[in-house]
Amino acid sequence: MKWLFYLGSLCLVVGCTVSLPNKMAWKDYHIARHALHVTYNRADVLGCEDLGSVHGRSNDDVGSAKEKAMSAAVLMGADHLLLEQIEADLDTRSAYLPLPMSDTSVHVYGTAYRCGKCPQCASEIEKSNIPQ
């Protein structure tokens, strides 16, 4: 029984100390996540460095799909996220079931950008309660 306790404790310690990609600490992730500027206007990211595309997927929840795309952008080192497309499509497997088609799959597509410090992003960090 003792070994189960020690094994569980070891798993908890290892699980909590896993680092994020790019050797980012959890504190840095939360600060960057809070400061991420999400936009739908391409003019807001003119002249910024394109880091690549991001994707978020969820079932029946646009907000959760956006959160996943935003988290992916932060892990790439972005400070701006241009959301380009939000689409919902019915789950094709439901068409073959006798149950009504109620599951939709929501996909959010965007592009992550690094623009440097913008005045709006800096003011959002200052307003937050997260210490730098």
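This is a predicted model: local features need pLDDT of at least 70, side-chain atom pairs count only at pLDDT 80 or more; totals for chains, interfaces and linings use all residues.
Student: How many helices and strands does the protein have, and how are they called?
Tutor: Four helices and four strands. Helices are DSSP runs of H or I with at least four residues, strands are runs of E with at least two, and numbering starts at the N terminus. The order is α-α-β-β-α-β-β-α.

Student: Why are α2 and α3 called oblique?
Tutor: Helix α2 (residues 26–35) and helix α3 (residues 62–75) pack at about 120°, with axes 10 Å apart. Axes are lines fitted to C-alpha atoms, for helices over the stretch in contact, and angles run from 0 to 180 degrees between N-to-C directions. Under 35 degrees is roughly parallel, over 145 roughly antiparallel, 65 to 115 roughly perpendicular, and the rest oblique. So α2 and α3 are oblique to each other.

Student: Which residues of α2 and α3 meet?
Tutor: Tyr29, Ala32 and Arg33 in α2 meet Glu67, Met70, Ser71, Val74 and Leu75 in α3. Contact means heavy atoms within 4.5 Å.

Student: Why is Thr111 called buried?
Tutor: Its relative accessible area is 8%. Buried means under 20%, exposed over 50%, and partly exposed in between (1.4 Å probe, protein chains only). Thr111 is therefore buried. Thr111 sits in strand β4 (residues 104–114).

Student: What makes the Thr111 link to Glu84 a polar contact?
Tutor: The two side chains come to 2.8 Å. A polar contact is a pair of N or O atoms within 3.5 Å; within protein, one must be able to donate a hydrogen and the other to accept it, and residues adjacent in sequence count only if both atoms are side-chain atoms. The Thr111 and Glu84 side chains make such a contact.

Student: Is Lys23 buried or exposed, and how do you know?
Tutor: Lys23 has a relative accessible area of 80%, so Lys23 is exposed. Lys23 lies in the loop between α1 (2–16) and α2.

Student: What makes Asp60 partly exposed?
Tutor: Asp60 has a relative accessible area of 46%, so Asp60 is partly exposed. Its loop runs between β2 (49–59) and α3. Phi of Asp60 is near 60°, a positive value in a residue other than glycine. Most residues other than glycine have a negative phi.

How values were computed:
Residues are numbered from 1 along each chain as its sequence is written. Side-chain values use heavy atoms; hydrogens and water are left out.
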